[in-house]
Amino acid sequence: MVPPVLEPFTLPFVQRGVLEVLILSIPAGLLGTWIVLRGLAFFSHAVGTATFPGWVLASGLGFAAPLGALAAAGAFTAATFGLSRGREDDGGGATALGLVACLAIGVILASDVFHSGSNIESLLFGSLLLIGGRDVLGASLAAGAVVLVSVLVGSRWLAVGFDRDNARALRSPPPLLDALLLALIAIAVTASLTAVGALLVSALFVLPAATARLYARRLLTLQLSSIGLAAVEAVSGLWIAVQ
């Protein structure tokens, strides 16, 4: 017999929501580690919000919203990376410029081109209880890509992060590795938009890793703790929401 406090988890749509956030906690924890260590919290939040024009286009032209969001995230990431190359700062100015441009384009498309009230609430806050099979598949593909790339180039990301000048001697070209990291963040954030929305991306990708950073002293500990905290945070939030 299921305790009353756990009865909501017997509902299929709640179970799909739990499965979605558990899968998303993997890329969120792994990438959150690098987001915190590399100071990319603003970018991870901005890339979610910058998908706005992609959602508007998808709504106006009638194609899948995730494809539009991913295209917008890719364009934003490419623009941010291009503008920040060779600069001495952390790319915050380029990120802000790209974010403002994407928001302006989205507003123009929504108000003047399509005259459509696109589902902005879903973009901002997500709809975790409306998760479908395609959303779970998208989250799984994003998680698989993040795990695979982390295993292959995680040590090189670490080298670039702590000794950027000498990373080339280790056959770790910083620009290529930076572009790969930003691209993965864009893909993972886009995959999570349906579940958590643009405004809550930081809660999933930044806060768990930032919390784990307070006590973790080894990279592996930081990564595993970030994944665990992201999963606990997401499932607890879902449980509170359905009570």
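Is Asp178 buried or exposed?

## Burial of the two partners

In this predicted model, Asp178 is buried, with a relative accessible area of 12%. The cut-off for a buried residue is under 20%. Arg38 has a relative accessibility of 23% and therefore counts as partly exposed.

## The salt bridge

The structure holds 1 salt bridge. It is formed by the side chains of Arg38 and Asp178, at 2.6 Å from N to O. Arg38 sits in the loop between helix 1 (12-37) and helix 2 (41-49), while Asp178 belongs to helix 8 (residues 174-196), so the pair ties together parts that are 140 residues apart in sequence.

## Helix 1 against helix 8

Two packed helices are described by the angle between their axes and the distance between the axes. For helix 1 and helix 8, the angle is about 150° and the axes are 10 Å apart. Because of that angle, helix 1 is roughly antiparallel to helix 8; angles over 145 degrees count as such. The crossing of helix 1 with helix 8 is left-handed.

## Residues in the contact

Which residues of helix 1 meet helix 8? Helix 1 contributes Glu20, Leu24, Pro27, Leu31, Trp34 and Ile35. On the side of helix 8, the residues are Leu181, Leu184, Ile185, Ala188, Ala191, Ser192 and Ala195.

By type, the residues of this contact between helix 1 and helix 8 comprise 11 nonpolar, 1 polar and 1 charged.

Note on methods. Residues are numbered from 1 along each chain as its sequence is written. This is a predicted model: local features need pLDDT of at least 70, side-chain atom pairs count only at pLDDT 80 or more; totals for chains, interfaces and linings use all residues. Side-chain values use heavy atoms; hydrogens and water are left out. A salt bridge is a side-chain nitrogen of Lys or Arg within 4 Å of a carboxyl oxygen of Asp or Glu. Helices (H or I, at least four residues) and strands (E, at least two) are DSSP runs, numbered from the N terminus. Buried means under 20% relative accessible area, exposed over 50%, partly exposed in between (1.4 Å probe, protein chains only). Axes are lines fitted to C-alpha atoms, for helices over the stretch in contact, and angles run from 0 to 180 degrees between N-to-C directions. Angles under 35 degrees count as roughly parallel, over 145 as roughly antiparallel, 65 to 115 as roughly perpendicular and the rest as oblique. A crossing is left-handed if the near helix is turned anticlockwise from the far one by less than a right angle, and right-handed if clockwise. Contact means heavy atoms within 4.5 Å. Ala, Val, Leu, Ile, Met, Phe, Trp, Tyr, Cys and Pro count as nonpolar, Asp, Glu, Lys and Arg as charged, and the others, Gly among them, as polar.
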